[in-house]
Amino acid sequence: MRLLVLAWRLPVVGTSKNENKEYGGTTLNIQDLRLFANISYITIIFVFSLMYLALSLFKVGGKRYAVMALFGLSAFIRAGFEHQKALLFILPGVPQNIQTLLRLCGLFLATGFFLWYLHMLYPKRLPKWGVAVSFLAAVPALASHLLHTTWEWEAFAFWAVTEVVVYTLFFANLITVIRKDTRLAGFRLASLINLAAFGVYDALIELGFIHTIRLLPAGVTLLILYESLINIIDNYRMHQHLKRLNDKMQHIDRIKDDFLANTSHELRTPLHGIIGLAESMMREAMGALTDDQKSTLSLIVASGLRLSSLVSDILDYSKIKDRKISLRREVVGLYRVISTVLSMTRYMLLGKNITVTNNITKETPLVVGDPARIEQIFFNLVSNALKFTTTGEVSISGEEKDGFLAVTVKDTGKGISTRKLLDIFKAFDTGDMSLLEGYEGTGLGLSITKQLVELQGGSIDVESTESEGTTVCVSFPLYNPETLALPPGKDAPENDEDALSAEVLSDLQPLVEAGNANADYTVLVIDDSSINLQIMKNQLSSGGYRVVPALNGKDGLKKLAEAKPDLVILDVMMPEMDGYEVCKKIREKYNQTELPILLVTANSETVDMMEGLNAGANDFLLKPYTVEVFLTRIKTHLNLSNINKIYNQFVPIEFLEFLGKKEITDVRLGDQIQKDMTVLFVDIRAFTNLSENMTPSENFKFINSYLSRLSPFIAKHGGIIDKYIGDSIMALFPSSPESAVRSAIDMVKYMETYNHHRSKVGYKAIHIGVGVHTGNLILGIIGDEQRMQGTVISDAVNLASRIQNVTKLYGANVIISQETFVQMENPTDFSFRFLGKVKVKGKNQSVSLFEIFDADTDNRRDLKEETKSHFEEGILLFSKREFADAAQMFRQVLERNPDDHAARLFLEKSENFIALEKKRFLFNS
């Protein structure tokens, strides 16, 4: 102790000229005292640094303790290589230049880490830039030392001044905090002032203004001790605060348990009335019932029994927790118990492909226990087995083992992960949530089941394999009349006639479609609860809708394609695939205007609603709801859907998608996009002559009949009808030119069937021509704010129309441009021939055209294929103005195919040019 006193008095002794000093008759060497003091300082610093480091590794104090540990270790290195150099006893032989470097690094890092520590304590008073400045200011000083520059002293002075400025600003900001926070008054203020004073003193020594021993190690040691004391006090206060909170939570928990118990007890009376009244009506006490009425009443009874079981679980949980539960000991026959449980849970089989096998018979040995509790135990076990099994089998069997009857409930459901098996018996734990998410339940059932079994002297064991199933084995003591004299209880086999038998719930109907099959609207209802499905079926059927039920997401998506509903009602919480995921799957194919989705949930949290809307739902319906609100919501969304469908008839939805719009309400005047597409024009030949013989009314009927027959061929190949122009159709094909060509071929081929139908009623045959061209065009919205419409503006549209006009000239059904032909991936898949270059109306340059004759009759197609080489050779000669040779080729084509209009046209042109050349020759002669 005297050595520590001497060490503290060394700073005021003077210079190092006094080598020895006498205190109390004892002569001590000053250097030894300094060395002892230095070792004491660095030992304390090192020990506390390791303590803070260990606490941070164990997640105590967080990053703040880790930074404090780094500060201490940096100060430890600084002090260990300074003057007495105590660390040389541990690390002898360290070169002088390395010692100096470590000492400087320790100083710079300690200063920076301490500022970082203060920043973490007071982030608003010391911003991050202050910490960054501290570290950056040390870079020039360290670099000058390593490079042995002439400005080493100036660099160090710059760092020292920077630190003084940063610390001064921080202390100025900290004064207001110290005034408000009494915990900082005293210890922290003293530690900070102490370190600052010793730091300034040490900096003056470093700069050469003072020549005495350094005090910073002592200041750092005091700081760490002060901070440790502050942290101990803070942790103690936090512990006391948490203790008070824990006591308060326990008090609130007791109030909650009492509330649940009292409320649950009060629920039993109305529940008993609901179940009793429904049962009496099912037994036709008030008159005959229809099958649908009996099925609905059966579900009311099943729902009441399930709710009654939940109420019993809550009451039992409270009683077991307070150790107030009492059990009867009677002789129990499990046959009656299992039969009753299977009857009560029969509704859970609706819509599932499950086989239930009950191997418990009247000959099964009797057991000893509380009959009501045993029924509750098996209700929980069988309910869980049916809940988590969608297909396969649930079996119940019993076996005698060492004075016990072991009853096994086995299912082929989802199973539970091995690491979660021990947790399933915890209260409010529903097992492996990654497997069971979306299922209903309080998490109390298995916890209460385990405790009820053990209170009756039995045991419970669970084995499970993921994706294979779960086996639960429950053991009860066997009844032995020689060792236990008990009269048969009311649940013994001979009293089966008093039990709730399968008759009560025998009228449940399977989940099938409901409502009129010819109803105006079809609603797909997806819910994993058969009771909820039945409720909505009844409500929607009364509203005149056709209802298609589905018990899970996968089944719902399958029925979606089959039923083509007008609206989908979707439950949020479902196993395997929840409502949000199903909603996203539906939105991949149908947008919100095509197919409205109404999410039904009991959760009114905003975040859940936002998740549903982001998934693509149109609206939310919160449970519980009234029938009037339910049907009104559905009617509203169906009306909106119809309005949107009508809008889409005027502006194709694909047109909106090209513009990057989801709804027609998003469209603005001037919206446009430039895109390469294939344009198709189809028109009736000689329509004017045809329409002259019809009244205006007959004209409209004919055009609508004609357009409605050709339009599906455009949609079939991914085309978009841009507009109808009288008897003409203009369509766009964004995917590929082949799609437009195939659509044209199908339309021409269909005309044979259409004309056959017309001939039967005495109408003339009609013929069409199709022109196809590929090019760049602009889709956009034109008009004004009061009247807008979508249109396509491009020279490509005009050229496609001109090409269609020349089909009549060439006697061709389908003609495409060279641009379309070149962009086709496999043009050889079609029958085609080159028609040469043609100067169409409105174009200065000639256009190369190709005839597609796949839609011609078999005979005409074969003849064109046979004469293709002569025809195209004639076209080539014609383009070279070798008209005589060209005419010869076309004559050969016509000899084989007299009905070839294109060959006859070019023959006439060739002969006209030959005649013209003769006239010119004679005139020139």
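**Entry 1: the parallel sheet**

How many bridges join strand β10 to strand β12? I found four between β10 (residues 522-526) and β12 (residues 567-571), and the two strands run parallel. For the record, this is a predicted model, where local features need pLDDT of at least 70 and side-chain atom pairs count only at pLDDT 80 or more, while totals for chains, interfaces and linings use all residues. Residues are numbered from 1 along each chain as its sequence is written, and side-chain values use heavy atoms, with hydrogens and water left out.

My terms here: helices (H or I, at least four residues) and strands (E, at least two) are DSSP runs, numbered from the N terminus. Two strands pair if DSSP finds at least two bridges between them.

Zooming in on β12, I see that Leu567 is the bridge partner of Val523. The pair of strands belongs to an open sheet of five, in the order β11-β10-β12-β13-β14, with parallel pairing. At its edges are β11 (546-550) and β14 (619-622), each pairing on one side only. From one strand to the next the twist averages 20°; such angles run from 0 to 180 degrees between N-to-C directions, with axes as lines fitted to C-alpha atoms, for helices over the stretch in contact.

Helix α17 (residues 606-615) lies across β13 (597-601) and β14, at about 140° to β14.

**Entry 2: the mixed sheet**

I then went to another open sheet of five strands, ordered β4-β6-β7-β9-β8, where the pairing is mixed. β4 (353-358) and β8 (459-465) stand at the edges with a single partner strand each, so one side of each has no neighbour in the sheet. The twist averages 15° from one strand to the next. β8 pairs with β9 (residues 469-477) in the antiparallel sense over seven bridges, and Ser464 stands opposite Thr470 in β9. Helix α10 (residues 334-344) packs on this sheet, touching β4, β6 (391-401) and β7 (404-411), and its direction makes about 165° with that of β4.

**Entry 3: a covered strand**

Is strand β17 mostly covered or mostly open? Covered: six of the six residues in β17 (residues 728-733) are buried, meaning under 20% relative accessible area, with exposed over 50% and partly exposed in between (1.4 Å probe, protein chains only). In a regular strand the side chains alternate between the two faces of the sheet. I checked both faces of β17: Ser728, Met730 and Leu732 are buried on one side, and Ile729, Ala731 and Phe733 on the other.

β17 has antiparallel partners. Five bridges join it to β15 (residues 672-684), with Val682 opposite Ile729. Another five join it to β16 (residues 720-725), where Ile721 has Ala731 as its bridge partner. β16 and β17 make a hairpin with two residues between them, and Gly726 in the turn has a positive phi of about 65°.

**Entry 4: salt bridges**

I counted 14 salt bridges, each a side-chain nitrogen of Lys or Arg within 4 Å of a carboxyl oxygen of Asp or Glu.

- Lys559 and Asp555 meet at 3.6 Å, N to O. They are four residues apart in helix α15, which puts about one helical turn between them.
- Arg633 and Asp619 meet at 3.2 Å, N to O. Arg633 is in helix α18 (residues 627-650) and Asp619 in strand β14, so the pair ties together parts 14 residues apart in sequence.
- Arg891 and Glu911 have their closest N and O atoms 3.4 Å apart. This pair links helix α28 (residues 883-896) to helix α29 (residues 901-924), 20 residues apart.

I also noted a salt-bridge network linking Arg833, Glu851, Asp856, Lys864 and Asp900.

**Entry 5: the whole thing**

Buried residues make up 46% of the 925 in the protein.

Note on methods
Contact = heavy atoms within 4.5 Å.
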